[in-house]
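Here is a walk through one protein chain, for reading with the coordinates open.

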Amino acid sequence: RALIAFTASGDTARRVARLRSDLPLLVFTPSQEVRNQLALTWGAESYLTNEVSTTDEIMQEVDSILLGQAGFTREDAVVIVAGSPPGTEGNTNMIHVHLLGEDTA
């Protein structure tokens, strides 16, 4: 349903945006400054998140935001690109296919 870039600096989102995918690019960042900068990035729709320190928290943030949005339902597949551990700039090393709500009861 979407490509998701979880980013601290915005670099991951800009790199994914260069691909010009047919899928929507959703960017999750804990920084308002980065979110403002990404307003100029092709095709990116950004969301402000809480700070995260684990990949499990990344999945929880994605679920809590997207399951509250029209057009997304449980078990929709999304691709998440992020760095692990989160919060380290220049550390994009994870691609994860995630089913929304898969880790919640």
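**Sheet, salt bridges and a loop residue**

Strand β4, residues 77-83, pairs with β5 in the antiparallel sense over seven bridges. Within this pairing, Ala 82 stands opposite Met 94 of β5. The model is a predicted one.

Both strands belong to an open sheet of five strands, ordered β3-β2-β1-β4-β5, and the pairing in the sheet is mixed. At its edges are β3 and β5 (92-99), each of which pairs on one side only. From one strand to the next the twist averages 25 degrees.

Side chains of opposite charge can pair when their charged atoms come close. The structure holds two salt bridges. One joins Arg 1 to Asp 76, with the closest N and O atoms 3.3 Å apart. Arg 1 sits in the segment before β1 (2-6) and Asp 76 in the loop between α3 and β4, so this pair ties together parts that are 75 residues apart in sequence. Arg 1 is partly exposed at 43% relative accessibility, whereas Asp 76 is buried at 13%.

The other links Asp 11 with Arg 15, where the closest N and O atoms are 2.7 Å apart. Both residues lie in helix α1 (residues 11-17), four residues apart, which is about one turn of the helix. Asp 11 is partly exposed, its relative accessible area being 28%.

The loop between β3 (44-48) and α3 (55-66) contains Thr 49. With a relative accessible area of 8%, Thr 49 is buried. Beyond its neighbours within four places in sequence, Thr 49 is in contact with Phe 6, Phe 28, Thr 29, Pro 30, Glu 61 and Ile 65.

Notes. Residues are numbered from 1 along each chain as its sequence is written. This is a predicted model: local features need pLDDT of at least 70, side-chain atom pairs count only at pLDDT 80 or more; totals for chains, interfaces and linings use all residues. Side-chain values use heavy atoms; hydrogens and water are left out. Helices (H or I, at least four residues) and strands (E, at least two) are DSSP runs, numbered from the N terminus. Buried means under 20% relative accessible area, exposed over 50%, partly exposed in between (1.4 Å probe, protein chains only). Contact means heavy atoms within 4.5 Å. Two strands pair if DSSP finds at least two bridges between them. Axes are lines fitted to C-alpha atoms, for helices over the stretch in contact, and angles run from 0 to 180 degrees between N-to-C directions. A salt bridge is a side-chain nitrogen of Lys or Arg within 4 Å of a carboxyl oxygen of Asp or Glu.
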